[in-house]
Amino acid sequence: MTSTSAGVRQFPADPAATPVLSVRDLRVSFPSEAGPVRAVRGVSFDVLPGRTLGIVGESGSGKSATALGIMGLLPPTAHVSGEVLLGGRNLVGLSDRLLSAVRGKDIGMVFQDPLSALTPIFPVGRLLADALRVHQDLSRRAAWERAVELLDLVGIPEPRRGARSFPHEFSGGMRQRVVIALAMANSPKVIVADEPTTALDATVQAQILGVLRTAQAETGAGVVLITHDLGVIAGHADEVAVMYAGRIVERAGVDELFARPAMPYTIGLLGAVPRTKGRTDRPLVPIPGEPPSLVGDPVGCPFADRCPAVADDCRTEEPALTAVAGHGEVACLRVGEIADGRVAAESLFAVGAGSAGAGGRAEGAGGAGAGRTGSEGAGTAEAGGGDAAAGGTGPPGEHMGTDHMSTDHTGADNHMGTGHTSADNRVGAEHTGADNHMGTEHTSADNRVGADHMGAEHTRTPEPPGAPHMGPAHTPPPGDVVLRVSGLTKTFPVTRGALLKRRVGTLHAVTDVGFELRAGETLGLVGESGSGKTSTLLEIVRLAAPEGGRVEVAGTDVAAPRSAARTQELRRTVQIVMQDPLGSLDPRLPVSQLLAEPLRAVGHERAAIRARVAELLDLVGLEPSVADRFPAALSGGQCQRVGIARALATEPRLVVLDEPVSALDVSVQAAVVNLLVRLQRELGLAYLVVAHDLAVLRHMADRIAVMYLGHMVETGATEELFAHPTHPYTEALLSAVPVPDPRIERSREHIVLEGEQPSATRLPEGCVFVDRCPLYRLLDENVRQRCRTERPALRPITAAVGPGAGQVAAPAGPGPGHQHACHAR
């Protein structure tokens, strides 16, 4: 049912081994109205057998274009040059017929979206059998049996039955297992995995990464793992290549890169990652600005406008990859100063102590103003000045560059140009060592970050005692109850028939869910897909009588009769921010009209609407010029800021956020999280947040409720739940969150849940988690019987009460308000 693994890689490494894949000076460009978009610019690397090369970088850095260029899957309009050597044979320039003989046999690929990679009209066994017979001389019977073996190898339950199932009958995790089985079917020399776990829950991600490791062990293949998740890289890569603006800017062994990053961009990426351990009373540290447009070759270093260590030479010369002793290769003119400590890496993207008036707000697609930084990566004061983000005013921050604004670019490539400045990239007063949160003070006297190194005169002022902090650990006491939910239940009918539909079952989406949420407080709902999180949100924002239970918003029972005016007032009280920032905005309307719509709906006058739109843009850190743009001309982070501004237009008391940062890059994600925390402090909002990323929730939520199959199985204060998870499902969720530190990630125990969630149409009679519970087999028969037949209710956890007969001891130290639903503890 459940396996526990240590996460330590066992693949032998022979540095002298012959590479199975060699990429040399790979270049990929796409035509556009503005000129060729150079998506990949001279990428070179080797992949050794049995080893994994991880490729990381923001969206638009060229990762996927590199993968598709290797596979020969780019559109005919793309221009590709360079060499992709597989077994000494150059794949660049081969016809599609010749490449078809290579793809699937010598090189396999795992795509980001498994459903789009599988033909929906054939059962998965047929897809695997056909892939085998194309490259091997096998009979239909032998190919079918081998397909069943592959499905069993990748962990598909009842593989013989699964082979006859169609892709749409599988969950996302099971479909990705099938794609991995296809990639490994013919024992290829190389497997290219392009964001193989991006759309999956943490527990399913852990399963898929385990399957990918199995595929590598079975085939001995070299793996190219492309992902934005640095925790995944820490646990599964042997070597890391960091890409920016279409080229590799740092390449090193995984231990060296995480321990001593030498490129400012890499330092920024690592600093922006939310952690499941360490301090949460500081803002996350995003990289200011956005990647540049790749229409034409950049002049100077492409990262110069976002780099806090920029020097004059950086703007005139693009650095080449240079070997660094004991590290790898880095493309930075100042790498020597960073490597020997004259420029402290920890301080480059530290949280500053500047005030909002000194350059906190920013907008990236070309807006400019005195003292304003670049785009959504800096966004608001939380990116450039820490205390302003926290709602306070601190001493002036340090300026790390020269005032420089470059031309705005917009277009289909969505790079949005380089409309940003390096003038207000602040270097804060603190860094925290391993967590890269910047906790030791440095002054210019330290000879680490002096004016002579940074390119601008600056001073460093220590943070005054008692300055306000960010994060739930320092949230003011919550106010009045804004939302009260008790016994909430929601079911959906399961029907059959095309014309005359008949009900054949019931899907139990939400069962007996209850909680309270106060002003100024954040409650996070977590759990795998299908656990009922979003259904709970939608039942609340529907503001109608629930199927079962009771929902009160601002003291009003939503099921009680009320006037039209009261209904409108209630709808103003609750607003929602959706997961997909671009999909949630009408593409036909400019931002000004998108923000004006909810204001018109509640009866605001035209002059008041104009003033409020300008106020909302300023509130979320966007320039006034954004008002005239359409959603397609904005980046993902800017679109999400518009979505947040739209939700705040009617001055709600409760904001419901459904995966608000899951579609964003790590740096943009950090800026949006900081923005949400700041807005809550300033406006006293109550947040109900659904997220699958527990590390993000740790920085946002005061309390967390864990859901499984529509039931709450554990709830408690955020720090308490992270420190002392008690329900076995919560333990598995936390175990599955990758840690961006190779030493920790590869030495800690991982609880990998096997199998899939049971169908919500056939709930177990007893505990809903019994079929996957890792503790179940450790219990005596009496407790097992209770687990199978009696549904456990949420109950407080007390440290004084130990395990009963046949139970398993819970982790020590539970605090007040911590509840779980488990017979085993």
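This is a predicted model: local features need pLDDT of at least 70, side-chain atom pairs count only at pLDDT 80 or more; totals for chains, interfaces and linings use all residues.

Residues are numbered from 1 along each chain as its sequence is written, and side-chain values use heavy atoms, with hydrogens and water left out.

So, strand β11, residues 247-253. Strands here are DSSP E runs of at least two residues, helices are H or I runs of at least four, and both are numbered from the N terminus. In β11, 7 of the 7 residues are buried, so the strand is largely enclosed by the rest of the structure. Buried means under 20% relative accessible area, with a 1.4 Å probe and protein chains only.

Who sits alongside? Strand β10, residues 239-244, pairs with β11 in the antiparallel sense over 6 bridges; to count as paired, DSSP has to find at least two bridges. The two make a hairpin with 2 residues between them, and Ala 245 in that turn has a positive phi of about 55°. β11 also pairs antiparallel with β13, residues 328-330, over 3 bridges. Look at Arg 251: it bridges to Ala 241 and, in β13, to Glu 329.

Now helix α19, residues 606-619. Its buried residues are Ile 609, Arg 612, Val 613, Leu 616, Leu 617 and Leu 619. They cover an arc of only 155° around the axis, which puts them on the same side of α19; that arc uses directions from the helix axis to the C-beta atoms. Just after α19, Gly 621 takes a positive phi of about 80°.

Notes
Buried means under 20% relative accessible area, exposed over 50%, partly exposed in between (1.4 Å probe, protein chains only). The expected span of a helix is 1.5 Å times one less than its number of residues.
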